[in-house]
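Take your time with each task before you look at its solution.

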Amino acid sequence: MSYNLNMEDIGEFSFESYTKEDSTKQVLLPKNIGQFIIQKTKLCEDIFLFKYDHHIHKEVSFNSINKNIFHIQIVLTGDTYHQHKLTNCELNVMAGHTMSSFVNEEKNLNMKKKDTRFQSIGIVIKDSFLQKNFFDQLKNTKDIYAKPITIFKNAPTNIKTQMCANELFNSPYTGALNHLYKESKVLEIIYHEFGDILNNQLKDNDKIKLDDYDIEALYQAREILINNMQNPPSINALSKLVHLNELKLKVGFKQKFNLTPYKLLTQYRMQKAKELLETGDMNIYEVSHCVGYKHQSNFTKVFIGYFGIQPKELMKSRKYYH
């Protein structure tokens with residue numbers, strides 16, 4: 001049995017945020033159930049930023065009402081699921097994943113799993129911004145307005161979006177500079193996420209039907225790549241290992257993980273390298289070999305392409321740096 005949070009506690013706060021100035025809402029739940037902390041920032045008339053930090057000890061549900069908005073949710077820690085009352089569909093959103101959706105009309109029952117710390121970044125974009133900057137490039141926009149909700153993406157977070165979300169959650173600035181910093185990061189996220197949606201739309205005709213066996217094989221293939229990042233198998237060898245033909249492996253990866261097999265591997269390599277450079281005691285040469293690059297120069301080139309900075313710059317964040 002979950003605890004039902006009153007609409008006035010969170011729903012009205014979120015709804016009114018579209019007109020009110022910046023503020024923080026803290027909801028202490030009874031019976032030591034936990035707490036919700038929501039920080040909202042109005043970046044302009046059409047774009048709003050939400051920072052969520054929830055720590056609960058029991059399942060919690062609450063109703064929310066939204067109309068004609070585009071919502072980007074980037075989950076940093078924990079996981080949750082949403083049940084849309086009008087369509088009766090359920091969506092799981094896990095840590096390290098992003099869900100992008102257009103809400104024409106929404107009455108949600110949102111469930112947070114018990115004994116979890118849930119942290120995420122939410123970006124709400126008004127319809128007027130979408131009409132001006134995005135919807136003219138989409139197909140079948142009439143269908144979007146005809147349905148209660150359209151899910152554009154529920155997939156692993158784009159690595160550049162992930163970096164921006166982490167920086168937003170831990171903004172080092174205050175005052176006017178903080179507002180400018182948040183605005184720049186949110187616009188960058190919107191750019192990356194809208195780009196992903198448009199790229200996926202162009203390739204909709206390439207989609208194939210995946211059954212349960214195929215999906216299990218794709219997850220197995222992903223684990224094989226990650227566990228063998230220093231010496232990954234070729235696409236041909238990987239397809240044989242998981243008993244999928246090469247076409248279904250390539251297209252299935254794109255459908256399920258929003259990345260090709262080797263782009264997914266590169267993403268994981270870069271995330272691991274970033275972690276080692278920030279917190280480990282390896283030098284750049286050692287890190288490059290650890291994540292599967294034979295030549296440090298190749299590693300550095302890919303790293304700069306992903307993060308926009310030299311690997312040595314990340315090493316400066318260590319407690320000790322020589």
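This is a predicted model: local features need pLDDT of at least 70, side-chain atom pairs count only at pLDDT 80 or more; totals for chains, interfaces and linings use all residues.

Residues are numbered from 1 along each chain as its sequence is written, and side-chain values use heavy atoms, with hydrogens and water left out.

**Exercise 1.** Find where Ser-101 lies and decide: buried or exposed?

*Solution.* Step 1: look in strand S9 (residues 97-103), where Ser-101 has its place; strands are DSSP runs of E with at least two residues, numbered from the N terminus. Step 2: compare areas. Buried means under 20% relative accessible area, exposed over 50%, partly exposed in between (1.4 Å probe, protein chains only). With a relative accessible area of 3%, Ser-101 is buried. Step 3: leaving out residues up to four places away in sequence, Ser-101 touches Ile-69, Phe-70, His-71, Ile-149, Thr-150, Ile-151 and Phe-152; contact means heavy atoms within 4.5 Å.

**Exercise 2.** Which residues of the largest nonpolar core touch the most other members?

*Solution.* Step 1: recall that a nonpolar core is a set of buried Ala, Val, Leu, Ile, Met, Phe, Trp, Tyr and Cys residues joined through side-chain atoms within 4.5 Å. Step 2: among its 33 residues, pick out Leu-249, Phe-253, Leu-277, Phe-299 and Phe-303. Step 3: note a separate, second core of 27 residues, including Ile-72 and Phe-169.

**Exercise 3.** Where is Tyr-173 found?

*Solution.* Step 1: go to the loop between helix H4 (159-169) and helix H5 (175-202); helices are DSSP runs of H or I with at least four residues. Step 2: Tyr-173 counts as partly exposed, because its relative accessibility is 36%.
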